[in-house]
Amino acid sequence: MASNAPAKCCTVGVKHEKNTLTASSRSGEPTGTTFKVGKYEAYLATPPAGVAQAKDTAILYLPDVISIWQNSKLMADQFAANGYLTLIIDLFNGDALSLNRTGDFDFMSWLTKGSTGDNPHTTEAVDPIVVEAIKYLKEEKGVKKLGAVGYCFGAKYVARHYPDISVGYFAHPSFVDEEELAGFKGPLSIAAAETDEIFPADKRHRSEEILKAGGLPYQINLYSQTEHGFTVRCDVSKKEQKFAKEQAFLQAVTWFNHWLL
């Protein structure tokens, strides 16, 4: 694998009370629309008044295991504030995990069976959800150029859905096979944490080898004093983590501005 399987660290983090990606002091209330794409929960962030929307272009936000919640909504809102129509789709069919779980938890059982035993989160179950989201953006919103961000669990499904997704961004990816990474034939940017048992240094270096061999534009940025999940769930009261989160977001926006527009 180019990154290891998800683990408990995938649910650890801090809920953000306001959008830390903007200098504005406005409240932390998300401004997008919650609705369903097919039978799946979704959140759509639209560029606000006064912000030009990128023509025929959108970002598909493929989330970590906490899925659609305060932090991911605020991040989608900020992609929209940069001109990108942004859709988050619930990859877990209503069975996302809660932040900072306590007690014993069988992560692999949840992945293969779901909390109820009949709602798996395998590729066979998740791929159709991603396809539904792509279909919505292309058919209902007229999107012709689609980029995607994949956080932790979601990174795998950015890689798996080329060429419908033509430009990609991973943050602290998990569960990405080497073949999936090599199969993404578009520009790809990765934000990596200094301390990350899911995407450790050896997996990061192997990913670099794969991307270099592919001959396409790629970028891997390593952020010091960070841990797995920092781009979504870090403690922004800590200066180093806040800086890394903001820079990793700008990394994604700059990547899309250059390769997607």
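**Strands, core and aromatic pairs in a predicted model**

Strand β4, residues 85-89, is mostly covered in this predicted model, with 5 of its 5 residues buried.

Reader: Which residues of β4 point one way, and which point the other way?

Author: In a regular strand the side chains alternate between the two faces of the sheet. In β4 the residues T86 and I88 point to one side, and every residue on either side is buried. The residues that point the other way from T86 and I88 are L85, L87 and I89.

Reader: In which sense, parallel or antiparallel, does β4 pair with β2, and in which with β3?

Author: Strand β2, residues 40-45, joins β4 over 4 bridges in the antiparallel sense, and Y43 stands opposite I88 there. Strand β3, residues 57-62, also joins β4 over 4 bridges, and the bridge partner of Y61 in β4 is I88. The sense is therefore antiparallel for β2, whereas for β3 it is parallel.

Reader: Which residues touch the most other members of the largest nonpolar core?

Author: In soluble globular proteins, nonpolar side chains tend to be buried together. Here the largest nonpolar core holds 76 residues, and the contacts of L60, leaving out residues up to four places away in sequence, include L87, I89, V130, L146, V149 and I165. The members that touch the most others are L60 and I89.

Reader: Why is the pair of Y223 and F230 classed as tilted?

Author: A pair of aromatic rings is described by the distance of the centres and the angle of the planes. The model has 13 aromatic pairs. In the pair of Y223 and F230, the ring centres lie 5.4 Å apart and the planes stand at 50 degrees, so the pair is tilted.

Reader: How far from the ring centre of F175 is the charged end of K156?

Author: Elsewhere, F92, F105, F107, W110, F153 and Y157 form one aromatic cluster. The ring of F175 has the charged end of K156 sitting over it, and the distance from the ring centre is 5.5 Å.

Key
Residues numbered from 1 in each chain as written. Predicted model: local features only at pLDDT ≥ 70, side-chain atom pairs only at ≥ 80, totals over all residues. Heavy atoms only, no water. Phe/Tyr/Trp six-rings, centres within 6.5 Å; stacked < 30°, edge-to-face > 60°. Lys NZ or Arg CZ within 6 Å of the ring centre and 35° of its normal. Core = buried A, V, L, I, M, F, W, Y, C linked by side-chain atoms within 4.5 Å. Buried < 20%, exposed > 50% of the residue type's maximum accessible area, 1.4 Å probe, protein only. Contact = heavy atoms within 4.5 Å. Helix = DSSP H or I, 4+ residues; strand = E, 2+ residues; numbered from the N terminus. Pairing = 2+ DSSP bridges.
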